[in-house]
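Q: Please go through this structure with me and say what stands behind each term that is used. I am new to it.

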Amino acid sequence: MNQVSQVLSQSDDLPVRTSGPVHSGKVRSVYFLEQADSRRLIEERNYPIHADSQLALMVISDRISAFDCAWRSRSMSGVPGKGTALNAISAHWFGHLSDSSGFRNHLLEMPHPMLWVVQRAQPVMLEAIARRYLTGSLWRAYERGTRDLAGADLPDGLQRFGRFDEVLFTPSTKGIITGISGVPEHDDAPVSPEIIEQHPQVFALRHAADLARIRDPLIAGFKLIEEQLQASGRLLVDTKFEFGYAPSLGGEPELIYMDEIATPDSSRIWMESDWRAGAPRELSKEFFREALMRQLSDADVLLDASRMEERKAVAAATPLPDELFDQVSQLYRDEAKAVTGRESPIPERPREEISEVLSSELKLL
């Protein structure tokens with residue numbers, strides 16, 4: 001198989017009928033459907049949502065983003081099989097969390113391994129982050145002497161990679177929040193629950209009490225996923241959920257899970273045996289981030305927010321080894337199989353396959 005032809009790097013240029021501009025994120029593109037098409041699909045495909053809901057298509061790519069930049073290898077503009085692996089993992093966990101808690105999510109259908117039909121939701125401007133182990137940005141802040149990060153009050157004397165007795169809730173901003181004391185004006189800035197409750201509208205919450213309605217399913221979802229991953233010897237180290245408001249079946253605004261959930265892009269995962277040996281090995285995008293740090297002679301450009309423009313130039317001018325992308329591909333597909341019990345496919349002609357589904361099955365081209 002030709003790996004280059006199997007990679008879908010651009011996913012925002014399909015000729016879908018939309019109600020506005022296509023939103024292109026780090027790895028997914030979102031097409032907001034016209035109301036007539038939304039109503040037709042809700043009726044034809046019996047989606048269990050309010051008839052006036054707006055639908056969207058989410059087309060995942062195989063792009064890999066790290067340190068807020070997209071990266072490519074010498075011959076590939078994405079990682080083969082990454083998109084299908086992410087979709088398979090998210091769909092699996094969305095289903096399990098809905099079954100266990102009744103807390104809804106936006107996913108309605110996956111008519112192709114790289115395509116979702118979702119209920120459009122108005123996002124809450126928070127990354128709801130849950131942590132079980134002292135690592136990553138939390139460890140870096142702790143090592144610098146910080147003991148209170150996003151409301152997590154940590155004692156002295158903790159060790160790197162240590163396990164917390166309780167799951168920590170450490171939210172951060174989604175986008176740049178300005179004019180609020182105690183909130184740094186950059187994306188992914190830690191923010192305390194107290195500040196969020198004082199300024200709910202700033203974070204697109206309808207009510208201050210809705211923060212608890214985010215925290216509770218986040219912690220419950222983390223524990224469910226953690227328990228199931230342990231069956232394969234894996235530890236859920238930390239993860240982020242995203243939430244939004246969408247019409248309930250009765251038409252009232254309702255908080256639901258959205259975006260993706262517990263994937264190698266949004267979580268850290270370790271093998272328990274590695275952790276107990278004191279040498280956790282990353283089974284997530286952290287593996288790629290660490291490889292980048294080793295690849296670049298000036299790794300500080302990846303960590304210094306003031307050097308963002310320089311970082312983008314480095315990413316554009318630095319093709320990475322194909323072997324690294326092959327390793328990432330295998331890691332993501334292995335994680336998808338560990339979660340779902342099935343091999344995730346690598347479409348041979350992803351763009352053509354998606355277009356065929358959009359045309360013949362969904363009738364949106």
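A: Buried means under 20% relative accessible area, exposed means over 50%, and partly exposed lies in between (1.4 Å probe, protein chains only). This is a predicted model, in which local features need pLDDT of at least 70 and side-chain atom pairs count only at pLDDT 80 or more, while totals for chains, interfaces and linings use all residues. Residues are numbered from 1 along each chain as its sequence is written, and side-chain values use heavy atoms, with hydrogens and water left out.

Q: Why is W270 called buried?
A: W270 has 0% relative accessibility, so W270 counts as buried.

Q: What makes the rings of F161 and W270 a pair, and of which kind?
A: Rings of Phe, Tyr and Trp (its six-membered ring) pair if their centres lie within 6.5 Å; planes under 30 degrees apart are stacked, over 60 edge-to-face, and the rest tilted. The centres of F161 and W270 are 5.5 Å apart and the planes stand at 90 degrees, so this pair is edge-to-face. The two residues are 109 apart in the chain: F161 is in the loop between β11 (152-153) and β12 (163-169), and W270 is in strand β16 (residues 267-271). Strands (E, at least two residues) and helices (H or I, at least four) are DSSP runs, numbered from the N terminus.

Q: Why is F161 called partly exposed?
A: The relative accessibility of F161 is 21%, so F161 counts as partly exposed.

Q: How many aromatic pairs are there, and why is the pair of F103 and F243 called edge-to-face?
A: The structure holds 11 aromatic pairs. For F103 and F243, the ring centres are 5.9 Å apart and the planes are at 80 degrees, so the pair is edge-to-face. F103 lies in the loop between α3 and β6 (107-112) and F243 in strand β14 (residues 234-247), so the pair ties together parts 140 residues apart in sequence. Both F103 and F243 are buried. Ring pairs also link F103, F241, F243 and Y257 into a cluster.

Q: Why is S284 called buried, and what is it in contact with?
A: S284 has a relative accessible area of 1%, so S284 is buried. S284 sits in the loop between α7 (272-276) and α8 (285-295). Contact means heavy atoms within 4.5 Å. Apart from neighbours within four places in sequence, S284 is in contact with P264, S267, R268, I269 and L331.

Q: Which residues of α8 are buried, and what covers them?
A: K285, E286, F288, A291 and L292 are the buried residues of α8. Their cover includes β4 (64-66), β5 (69-71), β16 and α10.

Q: Which residues line the largest cavity, and how do they divide by type?
A: The lining of the largest cavity consists of I89, W93, I225, L229, L236, A262, P264, I269, E335 and V339. Nine of these residues are nonpolar, none is polar and one is charged. Here Ala, Val, Leu, Ile, Met, Phe, Trp, Tyr, Cys and Pro count as nonpolar, Asp, Glu, Lys and Arg as charged, and the others, Gly among them, as polar. On a 1 Å grid over the protein atoms alone, a cavity is a set of points where a 1.4 Å probe fits but cannot get out, and lining residues have an atom within 4 Å of a point.

Q: Why is A150 called buried?
A: A150 has 9% relative accessibility, so A150 counts as buried. A150 also has a positive phi of about 55 degrees although it is not a glycine.

Terms used:
1 Å grid on protein atoms, 1.4 Å probe; cavity = no way out; pocket = protein on both sides within 12 Å on 5 of 7 lines; lining within 4 Å.
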